[in-house]
Amino acid sequence: MLLWLLACTANDDDTSLEPVYPDIPTAQCGADHDWVDLNQTGKVLATNALNELSLEREGVGSLLSVAGLEGVEPVYGVDVKQVRYASQDRGSLIEASGLVVTPRADGEFPLLVWLHPTAGFSPDCGPSGRGLEGAAFPMLYASLGYVVVAP
């Protein structure tokens with residue numbers, strides 16, 4: 001399976017090809033619905049800068065110290081944005097939210113997708129709706145030099 005997937009991807013030099021989406025089963029238990037077309041999902045619908053969570057390096061360091069993480073030294077300040085995007089739930093198009101946290105510096109940084117543990121089952125329970133409590137780990141990773149996406 002892995003070799004098949006690798007064979008379907010273009011190399012980094014060829015950007016003219018359309019992405020290839022393999023047509024493989026996504027579930028065998030309980031997925032009795034059709035999926036929303038991939039062209040309808042993933043679109044950013046709105047962004048909102050969370051200035052109250054965007055901090056200089058020293059501010060991130062102070063938060064880490066209060067949390068008892070004195071051994072971690074932030075390298076960068078961070079900028080935090082809430083992003084609303086199109087997703088799907090059991091075949092229905094929905095609006096979802098997430099955080100994008102970036103180091104406060106110019107340059108290229110590696111991407112880290114933070115797939116957080118389940119915090120609840122309502123929209124306000126996800127990281128993008130919980131203020132500092134929800135953004136703390138993405139802020140930490142961004143302060144160490146990662147662009148962090150927390151869907």
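Start at the hairpin of strand 2 and strand 3 and select Arg90: the hairpin has two residues between its strands, and Arg90 takes a positive phi near 50 degrees. Strands, like helices, are DSSP runs numbered from the N terminus (strands: E, at least two residues; helices: H or I, at least four). Arg90 is in the loop between strand 2 and strand 3. The positive phi belongs to a residue other than glycine.

This is a predicted model, in which local features need pLDDT of at least 70, side-chain atom pairs count only at pLDDT 80 or more, and totals for chains, interfaces and linings use all residues. Residues are numbered from 1 along each chain as its sequence is written, and side-chain values use heavy atoms, with hydrogens and water left out.

**Around the hairpin**

Stay on Arg90. Is Arg90 buried or exposed? Arg90 is exposed, with a relative accessible area of 60%. Here buried means under 20% relative accessible area, exposed means over 50%, and partly exposed lies in between (1.4 Å probe, protein chains only). The areas come from the Shrake-Rupley method with a 1.4 Å probe; for residues, only the protein chains shown count as cover.

Asp89 forms a salt bridge with Arg90, and their closest N and O atoms are 3.0 Å apart. A salt bridge is a side-chain nitrogen of Lys or Arg within 4 Å of a carboxyl oxygen of Asp or Glu. Asp89 is partly exposed, at 34% relative accessibility.

Two strands pair if DSSP finds at least two bridges between them. Pick Gln88: Leu93 in strand 3 stands opposite.

**Along to strand 5**

Next, select strand 3 and strand 5. They run antiparallel, joined by three bridges. Click on Leu99, whose bridge partner in strand 5 is Ala150.

Move on to Pro151, in the segment after strand 5. Pro151 is partly exposed, at 35% relative accessibility. What does Pro151 touch, leaving out residues up to four places away in sequence? The list is Tyr85, Ser97, Gly98, Val113, Trp114, Leu115 and His116. Contact means heavy atoms within 4.5 Å.

**Into the core**

Select Leu53, Val78, Val80, Leu99, Val101 and Met139. These have the most contacts inside the largest nonpolar core, which has 15 residues. Such a core is a set of buried Ala, Val, Leu, Ile, Met, Phe, Trp, Tyr and Cys residues joined through side-chain atoms within 4.5 Å. Helix 2 (57-66), strand 2 (78-89), strand 3 (92-103), helix 3 and strand 5 (147-150) each supply at least two of its residues. Helix 3 gives the largest share, four residues.

Go to Ser143 in helix 3 (residues 131-143). Ser143 is buried, with a relative accessible area of 0%. Beyond four places in sequence, Ser143 touches Val60, Pro74, Val75, Tyr76 and Val78.

**Out to the surface**

Select Val75, Leu144 and Tyr146. Together they make a nonpolar surface patch of about 250 Å². Patches are made of residues with over 30% relative accessible area and no salt bridge; like charges are joined within 9 Å, nonpolar side chains (Val, Leu, Ile, Met, Phe, Trp, Tyr) within 5 Å. Leu144 is in the loop between helix 3 and strand 5. Leu144 is partly exposed, with a relative accessible area of 37%.

**Charged pairs**

How many salt bridges does the structure hold? The structure holds six. Select Arg57, which meets Glu58 in a salt bridge (3.2 Å, N to O). Arg57 also meets Glu73 (3.6 Å, N to O). Arg57 lies in helix 2 and Glu73 in the loop between helix 2 and strand 2, so this pair ties together parts 16 residues apart in sequence. Glu73 is exposed, with a relative accessible area of 54%.

**The whole chain**

Zoom out. The chain has three helices and five strands. From the N terminus on, the elements run α-β-α-β-β-β-α-β. Buried residues make up 23% of the 151 residues. The chain exposes about 10,500 Å², and carbon and sulfur atoms supply 54% of it.
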